[in-house]
Amino acid sequence: MPILFKKTKEIRNYIKSLRCENRYTVGFVPTMGYLHEGHRELIRTSKIQNDITIVSIYVNPLQFGEGEDFERYPRDLERDLGICEEEGVNVVFAPLDEEMYPEKPLINIEIKGLTHILEGEFRPGHFSGVCTVVLKLFNIIQPDRAYFGEKDYQQLKVVQRLVKDLSLPVEIVPVKTVREKDGLAFSSRNTYLKPEERESALSLYRSFLLAEKLIKGGNKDANSIKQTIIEFIRKHPHVKKIDYVEITDEDLRPVKEVKEGDRILLAVWVGDTRLIDNWRIGDANL
Ligand code: AMP
């Protein structure tokens with residue numbers, strides 16, 4: 001009698017157990033390099049949960065639009081390898097462009113209601129590029145788990161949906177945003193900030209605390225909270241432009257009345273640096 005499976009998950013698990021003699025689990029941390037504390041946290045989480053941890057370091061040209069910072073994005077493979085060694089990473093995958101894209105891909109990936117809002121509105125094609133590289137990397141590495149930071153909350157939601165809609169055999173593990181002592185979220189792009197711009201960059205984090213205070217004080221109106229955030233950030237000297245401030249539920253649907261678990265998401269230009277950040281309402285210890 002054949003073994004009968006009626007659940008995808010179960011047959012996949014069965015096939016996997018047949019395939020791997022050694023029963024290793026592989027954790028995968030995709031990055032664009034110039035590693036910092038945020039990346040380290042992803043790696044550490046993977047190390048705890050898997051036998052093998054693989055980090056990819058690849059500045060993916062497909063997810064950058066024309067006139068964006070692809071060329072000036074910080075790169076330092078030697079430094080990154082040192083950090084990976086410190087963290088006990090087992091494998092690093094650092095492909096060249098010709099390896100990843102022998103020909104310019106013609107595929108376009110869209111997820112309705114997710115890839116064209118917020119970041120997608122200001123960076124057309126960005127998430128198609130992200131989804132393409134993530135799918136390629138998943139196909140190459142075939143990880144059991146992959147680690148994504150909440151710092152890029154929309155990216156996390158997009159990847160989660162990609163995995164769900166295409167039944168990809170990988171578990172997406174979200175990792176909370178790691179911040180510097182003063183609240184600035186770690187980002188490779190923080191290296192662009194001039195010293196005098198840093199204080200203005202802190203306005204993003206501080207606006208979240210301000211919003212939490214308003215909400216604790218009884219204001220639940222998303223529009224008025226958004227306006228307060230915009231006015232607060234705008235006051236800072238090096239803030240050039242606010243691309244968006246949105247308050248959504250955890251699935252990125254805009255809300256009128258805020259509740260615990262909703263997200264504030266924003267993108268702000270400080271000097272020539274575009275910073276994104278987000279906050280889960282209810283996370284502040286006021
Ligand atoms: P990147 O190299 O910027 O493409 O980021 C690679 C991964 O690290 C993504 O899943 C990011 O969300 C995550 N990440 C970046 N910065 C942080 C941070 N400050 N805290 C947690 N995760 C982060």
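This is a predicted model: local features need pLDDT of at least 70, side-chain atom pairs count only at pLDDT 80 or more; totals for chains, interfaces and linings use all residues.
Local features require pLDDT of at least 70 and side-chain atom pairs pLDDT 80 or more, while totals for chains, interfaces and linings use all residues. Residues are numbered from 1 along each chain as its sequence is written, and side-chain values use heavy atoms, with hydrogens and water left out.

The side chain of H39 places an N or O atom 2.8 Å from an oxygen atom of the ligand. For the side chain of D152, the distance to a ligand oxygen atom is 2.7 Å. F186 takes part through its backbone: a polar backbone atom is 2.9 Å from a nitrogen atom of the ligand.

Rolling a probe the size of a water molecule over the atoms shows where empty space is left. A cavity is a set of points, on a 1 Å grid over the protein atoms alone, where a 1.4 Å probe fits but cannot get out. Grid points are joined across faces, edges and corners, and a volume is the space filled by probe spheres set on the points. The structure holds one cavity of 30 Å³ or more. The volume of the largest cavity is about 80 Å³. Its lining (residues with an atom within 4 Å of a point) comprises 14 residues. L184, A185, L204, I276 and D277 lie nearest the centre. Helix 9 (203-216) and strand 8 (273-280) each supply at least two lining residues. Strand 8 gives the largest share, three residues. Helices (H or I, at least four residues) and strands (E, at least two) are DSSP runs, numbered from the N terminus.

Most residues other than glycine have a negative phi. L118 has a positive phi, near 50°. L118 sits in the loop between helix 4 (97-100) and helix 5 (119-122). Q142 also has a positive phi, near 50°, and is found in the loop between helix 6 (126-141) and strand 4 (145-149). L118 is buried, because its relative accessible area is 7%, whereas Q142 is exposed at 52%. Buried means under 20%, exposed over 50% and partly exposed in between (1.4 Å probe, protein chains only).

P174 lies in strand 5 (residues 171-175). P174 is partly exposed, because its relative accessible area is 39%. Beyond residues up to four places away in sequence, P174 touches F148, E150, L156 and Q160; contact means heavy atoms within 4.5 Å.

Note on methods. On a 1 Å grid over the protein atoms alone, a cavity is a set of points where a 1.4 Å probe fits but cannot get out, and a pocket is an open set with protein on both sides within 12 Å along at least five of seven lines; lining residues have an atom within 4 Å of a point. A polar contact is a pair of N or O atoms within 3.5 Å; within protein, one must be able to donate a hydrogen and the other to accept it, and residues adjacent in sequence count only if both atoms are side-chain atoms.
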